[in-house]
Amino acid sequence: MATSSRHISTPQGVARTMVALLAGTPVDGDALIYDPFARFGELPAEFIRTAGDAAAMVGGNLAAVRVRAEHPDAAELRLAGMWLAASGTPAELAVAPAPTPVGATFVLTNPPFGKHVEDAWLRYCVDSLTEEGRAGVLMPYSAGFASKATMRRELVDQGVLIAVVALPARLFSNTRVGVCIWLLRRPTGRPAAVRFVDARHRGRARGLHIEFDATDVAGIVAAVTAEDQAECSVLATPEEIQARGYSLHPPEYQDRMFMRSTADVARAELEALATKVNLPSYTTGSGWPGRPLNELCDVRSGVPHRSLTAAVARAGTAGVIVPVVHPRHLRSGVVEAADAPLAEAGSLEKYRLRTGDVLWVRTGAMGQAALVGDAESGWLPHTNLLRLCVIDLDALDPAYLLAFLLQPAVLARIRERSVRSVTTSISKGVLGELVMPLPPLAAQRDILAALAALDENAASLQRRLHAVHAAQPVFGQHLIDGTVVLTEREAP
């Protein structure tokens, strides 16, 4: 686990929410509260404050409360100890983690993020619990979908994960990283449903930051404890979670467009549309099996900024001179790059595009994608582009990949998974974890043909609409000034 502190304290509203989510757990007798990365002691201190309120601690008969707080920085650990002492409960303080599981009744912690340490912290917190214990752990949004799904699968399949609550971004004073509260227990050995709560709309702005009050905390607790689906709250089965590649990001379970439709829903929707649109013939199915993009494609980054700048500067010299595709050149699924700058590509061979690559804008206004054609083969991709190279063309048609990426539901899901700091961006690893429905190659091409037919129908209607709009002022002018006269009157 990482041992460096980022000197971030947990906002009071977040601390109160985490404690409130654990306060309903029945406890008979003494309790040990454990924070393995205590920061300034705010989470155990909030628990102690709540434990003094009989109405707040609704479960069991809580007796004496002990606190163990750890932090790798001795100076910050002393501050945590002072904070806890001020709350009325001295704590056992330790710079190093306990050599054996501490047997905590409750684990409350806001561990450091980044450097792929989230899985290690989750596992450590679970191992530190008693059999009936509960943990509330603060995790970044990305922990729910980034990197490998091994730990997420383990949490679901072993019944460890109880709920995930997505909180608003901008809760912290010195970072805009969005966070979730993960509620955990000891493994049960069998898969269990997980409650997903999207509370990102909660709170109110105070300057540049979001703050929670008691109403917000109560609303989140009610959403987590709801028996069925409620506002911003969904209970997902292990099968549903598996179908989404073990994503544990709450927004992906809220909006129906992220969910696979049933055959009855699909038919009802299409029958309503068929009264106005001539759809290709179809029947309903059970859904295509899904595979992560990184199993189907080699997801690569564009040319690094420094290398690209140097290559553009060398474009006036001898060498292999090629255009550079920028995000603005991706339009309606194709590359339109008449104004593309030139660069010397001799030392950038591994970045050069090939026919069939799919380009995706990775920063800023994401959503543009395009298929590389023969004319762009050998060009260079800008730093702010991701490049998806299909591994097996007998399994995936690049045009089908493009059609998938341009679906509104997929665009929305990718935006939900983007990292928001100063700007919005998505990494190649996160994009690669996205699960894609994969029909057989022949079915992919049939789907593309059906979509192309709809595109041509739309284009034909658009051409007719343009013609009508062009004719209206000209015909109207000649009718009004009498240079043309209607020869037949419309029957009433």
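Modeller: Start with Y246. Y246 has a relative accessible area of 7%. The cut-off for buried is under 20%, so Y246 counts as buried. Keep in mind that this is a predicted model. Y246 sits in the loop between helix 7 (238-243) and helix 8 (263-274). Its backbone deserves a check. The phi of Y246 is near 60°, a positive value, and the residue is not glycine. Most residues other than glycine have a negative phi.

R170 has a relative accessible area of 28%, so it is partly exposed, whereas Y246 is buried at 7%.

Follow the chain past strand 7. The loop between strand 7 (179-184) and strand 8 (194-198) holds A192. A192 is buried, because its relative accessible area is 15% and the limit is 20%. What does A192 touch beyond its neighbours within four places in sequence? The contacts are V156, G159, R185 and P238. G287 is 95 residues away from A192 along the chain, and 23 Å separates their C-alpha atoms.

Now the charged pairs. Side chains of opposite charge can pair when their charged atoms come close. The whole structure has 22 salt bridges. One of them joins the side chains of R16 and E46, at 3.8 Å from N to O. R16 is partly exposed at 34% relative accessibility, while E46 is buried at 6%.

E70 and R68 form another salt bridge, with the closest N and O atoms 2.6 Å apart. Both of these residues are buried.

R328 and D339 pair as well, their closest N and O atoms being 3.4 Å apart. R328 lies in the loop between strand 14 (321-325) and strand 15 (330-331), and D339 in the loop between strand 16 (334-335) and strand 17 (342-344), so the bridge ties together parts that are 11 residues apart in sequence. R328 is partly exposed, at 41%. D339 is partly exposed too, at 48%.

Charged side chains also form a network. Salt bridges link R202, R204, D213 and D216.

Last, the pocket. Rolling a probe the size of a water molecule over the atoms shows where empty space is left. The second largest pocket has a volume of about 660 Å³. Its lining has 34 residues, and F113, G114, E118, P140 and S142 lie nearest the centre. Which elements each supply at least two residues of that lining? They are helix 4 (118-127), strand 22 (419-420) and helix 13 (428-432). By class, the lining splits into 14 nonpolar, 10 polar and 10 charged residues.

Technical notes:
Residues are numbered from 1 along each chain as its sequence is written. This is a predicted model: local features need pLDDT of at least 70, side-chain atom pairs count only at pLDDT 80 or more; totals for chains, interfaces and linings use all residues. Side-chain values use heavy atoms; hydrogens and water are left out. On a 1 Å grid over the protein atoms alone, a cavity is a set of points where a 1.4 Å probe fits but cannot get out, and a pocket is an open set with protein on both sides within 12 Å along at least five of seven lines; lining residues have an atom within 4 Å of a point. Grid points are joined across faces, edges and corners, and a volume is the space filled by probe spheres set on the points. Helices (H or I, at least four residues) and strands (E, at least two) are DSSP runs, numbered from the N terminus. Ala, Val, Leu, Ile, Met, Phe, Trp, Tyr, Cys and Pro count as nonpolar, Asp, Glu, Lys and Arg as charged, and the others, Gly among them, as polar. Buried means under 20% relative accessible area, exposed over 50%, partly exposed in between (1.4 Å probe, protein chains only). Contact means heavy atoms within 4.5 Å. A salt bridge is a side-chain nitrogen of Lys or Arg within 4 Å of a carboxyl oxygen of Asp or Glu.
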